[in-house]
Amino acid sequence: MMVYILSFILFLVGLYGIITRRNLIKIVISLSIMEFSIFILLVLIGYIDGGIAPIITDQVINPTYVDPLPQAMVLTAIVIGLATTAMLMAIAIRLYRKYGTFDIREIKNLKG
Amino acid sequence: MNSLIPLFIIIPLATAFVIPIIGKLTSSFAKIITPAILLILCYFSISFLLSSNQESYIVGGWQAINDIPIGIYLVLDGFSKLILCIISILGFLVSIYAITYIKEYTSKNNFYALFCLMVAGMNGVVLSGDIFNLFVFLEISVIASYALVAFGVGKKELEASFKYQVLGNIASFLILFSVALLYWQTKTLNIADISNILKTHDSTAFLTFTQILLITGFGLKAAIIPFHAWLPDAHSSAPSPVSAMLSGVLIKAIGVYVIIRLFFNMFVFTYDIAVTITVLGALSMIIGALLAINQKDIKRLLAYSSISQIGYIIIGFGIGMMILSKGGKQSIAVLAIAGSLFHMINHSVFKGLLFLGAGAVEYRTNTRDMGQLGGLSENMPITSTTTLGASMAISGIPPFNGFFSKLIIIIAAVQANLYVLAALAVIVSIITLVYFLKYQKSVFYGENRNFKKVKEVPFAMSFSMIILAILCLGLSLIAIPSVREIVLDQAVNSLIDMDKYINLVIQH
């Protein structure tokens, strides 16, 4: 149970970072933390105590396998996460070129 | 017929990858192929809508074992047919409009590639019958839309795109979180299978938590009011054809559509959830309209009005859910849901047209500020007339389509004894009329001070606007019962009857 709570705390840490940080790069890092807390939760859901990797061989008799589906989901989600993070960083660097700063307090043209 | 369903995803996806390669050799390839494929998809989706067969397609041919589906399913039922139609028709018209509009930008091939990717993602979301697959397609379409919002690479565009991405990513995480929780509880990802399992479960706190997470996540994507902060920036900063797609289709296909699909066909919704959804819809309806009044930027005004109109769509569904969960008269619920679907079609037509009209004004005058614009109706007669039609449609003036859909929603609210909601809908409609009168006056009428020499936009742009304006009038025909039976009834039935969707996937 403790690990589930820890992954939820990690989620909240990421959320806190997004709300309080002023630096664009730090916001991106906070988003990544949030993302990976969910990946950990997904892997935990598929984990079975004493389970082994789900590869069918003849050597083990009556094996307990961990659930492979969440692992496949996490792999897919990591690839998606790569794309979103790359997109965020690209925009952050473009913003730095235009404004000369990473501080979100100075980047506020849009209001209302 | 069966093999046609995956084409909706494969064709735009393949085009998105081919355009950057072949586009390097011939510069006109992208702008010919994009409208062409969307025209083909238009033909397919309309023929789907007119035929009555609903079916599912198993990706990779993984047949069900003991009636438990194991592969990814693409499901074509009444509701998805309707949304596919909206996506391809508006996509086709917008891509024709974009041919001239996009000339002032560099790297046109990338624009069309991203556009096709966005369409592919939306079609995937609408067709997918697997909740994780739905998440993957959703990410494909939103990543393309992040890039399209920043396409102008000016200061404002980049800022808007960053804001959109941060909020959009949080929404995606919440959705992934709820997918994980659903898998934890049911050990399956197939929507029909989950619904089969949840039917036997009692409603628990765990399930309610998942539902709230889903409403928050997809509410952020659909820009319902407490989650709307990104929409006015993103939709006003994007190039106008993209704004038309974002406002007209994207927030519906990946926001409203998924909420409705999951709550009608997957969860057994409770009265509390129905009330929550209705209240959120009513709030966005009112606050969106109030915020729109004071805007000086024409596209920003339209963006806020999108929030308000999404509210109308949501309350229609909300009324239907409230009646169904209380076991009230089904005919009223059918009326409310049909009104909502009708308004969904109408909103994509007139909001698409309004954004294209605003784009035409910006194309010729290079400004979006209402203080500087004025008196353009003589110089730009086509833009002015079509925008006037769309404004009347959105504020609910007969005989335009917006009047009938709003009327149906209001009648349903009155019949369900929700008089406050009906009164609010009428008042918001009047507020909408007020800010669109202001829009008309300050852009097309009044005194022309700065732009005496502007000309009408080129043919490709006015062509799309004229077609959409004709649709604005023509769609009023759906109010006639015999036409409504063809267009809306399939969608309404597949929403109301939960077993229909399940039987489509799990054939016993």
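User: Let me start inside the protein: how many cavities of 30 Å³ or more does the structure hold?

Analyst: Happy to take that one! Keep in mind that this is a predicted model. A cavity is a space where a probe fits but cannot get out. In this structure there are four cavities of 30 Å³ or more.

User: What is the volume of the largest cavity, and which residues line it?

Analyst: The largest cavity has about 70 Å³. Both chains contribute to its lining: from chain A come A:Glu35, A:Phe39, A:Ala77, A:Ile80, A:Gly81 and A:Thr84, and from chain B come B:Phe135, B:Glu139, B:Asn169, B:Ser172, B:Phe173 and B:Leu176. The elements giving two or more residues to this lining are helix H2 (24-46) and H3 of chain A, along with H5 and H6 of chain B. Sorted by class, the lining has six nonpolar, four polar and two charged residues.

User: And what lines the second largest cavity?

Analyst: The second largest cavity, with a volume of about 40 Å³, is lined by B:Val142, B:Tyr164, B:Gly168, B:Leu220, B:Lys221, B:Trp230, B:Leu250 and B:Ile254. H6, helix H8 (205-222) and helix H10 (240-265) of chain B each give two or more residues to that lining. Its classes are six nonpolar, one polar and one charged.

User: Now the open spaces. How much space lies in the largest pocket, and which residues lie nearest its centre?

Analyst: A pocket, unlike a cavity, is an open set of points. The largest pocket here holds about 500 Å³ of space. Of the 26 residues lining it, B:Ile70, B:Gly71, B:Ile72, B:Asp130 and B:Asn133 lie nearest the centre.

User: Which element gives the most to that lining?

Analyst: That is H5(B), with five residues. Other elements supplying at least two residues include helix H3 (68-99) of chain A, and helix H1 (7-22), strand S1 (55-59) and strand S2 (72-76) of chain B. The lining of the largest pocket has 18 nonpolar, five polar and three charged residues.

User: Next, the two chains together. What is the area buried between chain B and chain A?

Analyst: As a general idea, the size of an interface is often given as the accessible area lost when the parts come together. Between chain B and chain A about 3400 Å² is buried, and carbon and sulfur atoms give 80% of that. On the chain B side, B:Glu159, B:Phe162 and B:Phe173 supply 20% of the area that chain B buries against chain A, more than any other three residues. Counted by residue, the contact takes 36 from chain B and 38 from chain A.

User: How many salt bridges and polar contacts link the chains?

Analyst: The count of salt bridges between chain B and chain A is zero. Three residue pairs are in polar contact across this interface, both partners at pLDDT 80 or more. The side of chain B that touches chain A draws two or more residues from each of helix H5 (131-149), helix H6 (155-186), helix H9 (231-237) and helix H12 (298-326) of chain B. H6(B) provides the largest share, 19 residues. By class, this side has 23 nonpolar, six polar and seven charged residues.

User: Finally, the backbone: which peptide bond is cis, and which residue has a positive phi although it is not a glycine?

Analyst: The bond from B:Pro398 to B:Pro399 is cis, with omega near 5°. B:Pro399 sits in the loop between helix H14 (381-394) and helix H15 (401-415) of chain B. The positive phi, about 45°, belongs to B:Ser107, found in the loop between helix H3 (78-101) and helix H4 (108-127) of chain B.

Definitions and conventions:
Residues numbered from 1 in each chain as written. Chains lettered and ligands numbered in written order. Predicted model: local features only at pLDDT ≥ 70, side-chain atom pairs only at ≥ 80, totals over all residues. Heavy atoms only, no water. Contact = heavy atoms within 4.5 Å. Buried area = accessible area lost by both parts, 1.4 Å probe. Salt bridge = Lys/Arg side-chain N within 4 Å of Asp/Glu carboxyl O. Polar contact = N/O pair within 3.5 Å; in protein donor to acceptor, adjacent residues only side chain to side chain. Helix = DSSP H or I, 4+ residues; strand = E, 2+ residues; numbered from the N terminus. Nonpolar A, V, L, I, M, F, W, Y, C, P; charged D, E, K, R; others polar. 1 Å grid on protein atoms, 1.4 Å probe; cavity = no way out; pocket = protein on both sides within 12 Å on 5 of 7 lines; lining within 4 Å. Points joined across faces, edges and corners; volume = space filled by probe spheres on them.
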